[in-house]
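Take a look at the sequence and the 3D structure below.

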Amino acid sequence: MTQEPISLDKALASFTEQWSPRIVTRVNDYDVRIAKVEGEHLWHAHEHTDEFFLVIDGELTIALREPEAGERMVTLPKGSVFTVPRGVEHKPTAPSGASILLFEPTGTLTVGDRHEEVPDHVDATTGHDLAVEDPEA
């Protein structure tokens, strides 16, 4: 990991893949990941960790299946944050596309510990290292 400032705009411009997060830095035992998203992800849950979302650009909707409240939708416009509690099934969608930042323990799979079948457009990964050629450019 670089010890130089990282431009999120340049980092996002360095890749085109959807639902395929890049690790921009690490904080203790957590990854700070960015991703471009469009369309639907999949229903999944992280049994042992919360999942933090920050919408950098666009709009993200997260469907939730909460044990007490049932199913509901949360819409996050640009600049909004939301944390999905551990164990809660959720399905992010971005019909018009969005750029997001995620904060999760290193090694956390993008499809969680429990999920439906993974579609071809979703990268089931623990995140890819960011490859920005010149972080100061």
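Is Tyr 30 buried, partly exposed or exposed? Tyr 30 has a relative accessibility of 33%, so it counts as partly exposed. The cut-offs are simple: buried means under 20% relative accessible area, exposed means over 50%, and partly exposed lies in between, with a 1.4 Å probe and protein chains only.

This is a predicted model, in which local features need pLDDT of at least 70, side-chain atom pairs count only at pLDDT 80 or more, and totals for chains, interfaces and linings use all residues. Residues are numbered from 1 along each chain as its sequence is written, and side-chain values use heavy atoms, with hydrogens and water left out.

**The aromatic pair**

The structure holds one aromatic pair. Its members are Tyr 30 and Phe 103, with ring centres 4.9 Å apart and planes at 10 degrees, so the pair is stacked. Rings of Phe, Tyr and Trp (its six-membered ring) pair if their centres lie within 6.5 Å; planes under 30 degrees apart count as stacked, over 60 as edge-to-face and the rest as tilted. Tyr 30 belongs to strand S2 and Phe 103 to strand S7, so the pair ties together parts that are 73 residues apart in sequence. Phe 103 is partly exposed, at 30% relative accessible area. Strands (E, at least two residues) and helices (H or I, at least four) are DSSP runs, numbered from the N terminus.

**Strand S7 and its partners**

Strand S7 spans residues 89–105. Of its 17 residues, 13 are buried, so S7 is largely enclosed by the rest of the structure. Strand S2 (residues 30–40) runs antiparallel to S7, and 10 bridges join them. Here Gly 39 stands opposite Ala 94. Strand S4 (residues 51–66) also runs antiparallel to S7, with 11 bridges. In this pairing Leu 54 stands opposite Leu 101. Two strands pair if DSSP finds at least two bridges between them. In a regular strand the side chains alternate between the two faces of the sheet.

**The nonpolar cores**

How many residues has the largest nonpolar core? It has 20 residues, and those with the most contacts inside it are Val 37, Phe 53, Leu 60, Ile 62, Leu 76 and Ile 100. S2, S4, strand S5 (70–77), strand S6 (81–84) and S7 each supply at least two residues of this core. S4 gives the most, with five residues. Apart from this core lies another, of eight residues, among them Leu 12, Val 24, Ile 56 and Leu 101. A nonpolar core is a set of buried Ala, Val, Leu, Ile, Met, Phe, Trp, Tyr and Cys residues joined through side-chain atoms within 4.5 Å.

Leaving aside neighbours within four places in sequence, Leu 60 is in contact with residues including Val 37, Phe 53, Pro 92 and Ile 100. Contact means heavy atoms within 4.5 Å. Leu 64 is found in strand S4. It is buried, at 0% relative accessibility. With neighbours within four places again left aside, the contacts of Leu 64 include Trp 43, Arg 72, Phe 82 and His 90.

**Charges over rings**

The table gives each one.

| Charged residue | Ring | Distance from ring centre |
|---|---|---|
| Lys 36 | Phe 15 | 5.3 Å |
| Arg 65 | Trp 43 | 3.6 Å |

A charge sits over a ring if NZ of Lys or CZ of Arg is within 6 Å of the ring centre and within 35 degrees of the ring normal.

**Positive phi**

Most residues other than glycine have a negative phi, and most peptide bonds are trans. Trp 19 has a positive phi, near 55 degrees. Trp 19 is found in the loop between H1 and strand S1 (22–27). It is buried, with a relative accessible area of 5%. Asn 28 also has a positive phi, of about 55 degrees. Asn 28 lies in the loop between S1 and S2. It is exposed, at 73% relative accessibility.

**Helix H1 and the record**

Asp 9 lies in helix H1 (residues 8–13). Asp 9 is exposed, at 61% relative accessible area. Its C-alpha atom is separated by 9.3 Å from that of Ile 56, 47 residues apart along the chain.

An unreviewed UniProt entry carries the annotation "domain: Cyclic nucleotide-binding" for residues 11–82. Such annotations may be inferred rather than shown by experiment; positions follow the numbering used here, and feature names are shortened. The end C-alpha atoms of residues 11–82 lie 22 Å apart, and the span is 4% helix and 62% strand.
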